[in-house]
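Please take me through this structure in the viewer, one selection at a time. Tell me what to pick and what is found there.

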Amino acid sequence: MRFMASYDWMETVRNTNQWLGASAQALGSYPAFALAPNPALQWLAAWGEVTERSFARMVTKPDWNIQSVVGEDGRDHLVNIVTDVSKPFGDLIHFKVEGRAEMPRKVLIVAPMSGHYATLLRSTVVSLLPDCEVYITDWHNARDIPVSAGKFDVEDYTLYLVDFMKHMGPQTHVIAVCQPAPLTLAATAYLADDDPSAQPRSLTLIGGPIDPDATPTEVTDFGKRVTMGQLEESMIQRVGFKYKGAGRKVYPGLLQLSSFIGMNSEKHARAFTDQISRVSQGEASEHDKHNKFYDEYLAVMDMTAEFYLSTVERIFKGLEIARNEFVVAGRKVDIGKITDVAVKTVEGSEDDISAPGQCVAALDLCTGLPDSMKASHLEPGAGHYGIFAGRSWRNNIRPLVLEFIDQNSGPRVVAGKGTRKKAG
């Protein structure tokens with residue numbers, strides 16, 4: 001499957017289904033048919049509308065769609081999205097609130113590179129904007145990156161985070177969501193050895209696989225079952241001629257999406273059947289619950305082959321972070337060298353992607369950090385999505401994270417032998 005023809009074939013299938021949906025919608029909505037109303041034609045038009053929308057979203061990067069935020073003065077302030085650092089595989093962007101003084105809480109959200117765009121964290125950003133200066137990593141779709149830009153694996157990802165943290169300065173508070181949690185921990189440890197003054201003030205790790213073996217899930221079991229050769233043969237393809245990254249080896253977004261849907265196929269089938277019924281009865285709307293969720297869920301991006309394969313091999317199979325054996329650019333990263341960055345972990349009791357126990361393992365790795373600078377939270381009844389974007393995040397976790405940030409703001413605290421002193 002590692003050929004352009006395979007990649008182009010998937011795009012052809014997607015494009016054909018989009019066209020079939022548009023054709024069915026047009027046929028079912030033909031004005032002449034209104035002379036003799038027929039429920040079958042209404043259903044055909046509804047099926048076409050839902051199908052066309054779904055397949056079109058698969059190759060479209062969603063907008064942030066964050067227009068304004070209410071300030072302390074009670075007025076709406078426009079939000080301007082500014083690119084602070086631009087790199088071939090991802091940017092550091094700032095949600096700059098116009099007409100508002102810079103907020104004392106400076107937050108960097110590290111978005112996952114796991115098939116979806118950073119816009120998956122839109123609601124997380126919106127919830128933090130009223131109280132924080134918010135920055136986020138905006139990773140690029142690998143299909144749009146020319147081969148001449150080179151490789152991008154877990155070490156390159158870690159060094160990107162190092163550069164972003166250095167750019168933002170030492171008063172930054174980092175929140176890593178899901179997949180980047182282990183690499184964000186490694187980036188902080190890298191800075192602890194390379195440039196301690198550039199370390200962030202606090203690090204909040206949300207639902208990340210620090211130690212995938214701590215609590216096995218279907219995701220970790222899959223990583224154990226297959227060999228690297230099997231993964232490369234079955235999952236890796238070359239970008240087709242349609243995109244700038246033609247020839248680049250990737251784990252295609254469409255292939256990832258088929259895996260996502262396959263994990264809960266009955267649930268997704270029921271959701272689409274119900275939506276077709278609502279559309280046919282005139283009960284659906286442009287921004288209803290179904291469309292808001294699936295417009296984001298179906299928008300997938302390609303990952304570079306080397307990033308996907310090195311993640312599986314080194315984070316899940318080799319457990320290099322969990323064993324504190326991770327190497328970046330020829331240098332061993334010692335997580336125990338983190339001594340003055342407060343670390344908090346957040347897990348959901350019903351998380352079936354990164355189960356409880358996988359993320360909190362980070363605290364045991366921080367052997368140089370006093371217990372007073374470690375914290376953890378297990379959210380009862382929360383699944384994976386809920387701990388960073390759902391009701392559990394809004395009502396319970398967000399206030400705890402902001403409290404943790406406030407507790408670790410101000411002058412940096414340096415841990416010594418049984419004592420702590422303020423650094424200048």
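Select D213 first: in this predicted model, D213 sits in the loop that runs between β7 (202-206) and α6 (218-225). With a relative accessible area of 36%, D213 is partly exposed, because that value falls between the 20% and 50% cut-offs. Show what surrounds D213: apart from neighbours within four places in sequence, D213 is in contact with K224 and L319.

Next, select residues 154-168 and 181-194, which are helix α4 and helix α5. The axes of α4 and α5 lie 9 Å apart, and the packing angle is about 60 degrees. The two helices are therefore oblique to each other. Where α4 passes α5, the crossing is right-handed. Show side chains at the contact: on α4 the residues include V154, Y157, L161 and M165, and on α5 they include L183, A187, Y190 and D194. Of the residues in this contact, eleven are nonpolar, three are polar and two are charged.

Last, select β8, β9 and β10, three strands that form an open sheet in that order with antiparallel pairing. β8 (237-238) and β10 (303-304) are the edge strands; each has a single partner strand, so one side of each has no neighbour in the sheet. Zoom in on β8 and β9 (residues 249-251), which pair in the antiparallel sense over two bridges.

Technical notes:
Residues numbered from 1 in each chain as written. Predicted model: local features only at pLDDT ≥ 70, side-chain atom pairs only at ≥ 80, totals over all residues. Heavy atoms only, no water. Axes fitted to C-alpha atoms, helices over the stretch in contact; angles between N-to-C directions. Helix = DSSP H or I, 4+ residues; strand = E, 2+ residues; numbered from the N terminus. Parallel < 35°, antiparallel > 145°, perpendicular 65-115°, else oblique. Left-handed = near helix turned anticlockwise from the far one by under 90°. Contact = heavy atoms within 4.5 Å. Nonpolar A, V, L, I, M, F, W, Y, C, P; charged D, E, K, R; others polar. Buried < 20%, exposed > 50% of the residue type's maximum accessible area, 1.4 Å probe, protein only. Pairing = 2+ DSSP bridges.
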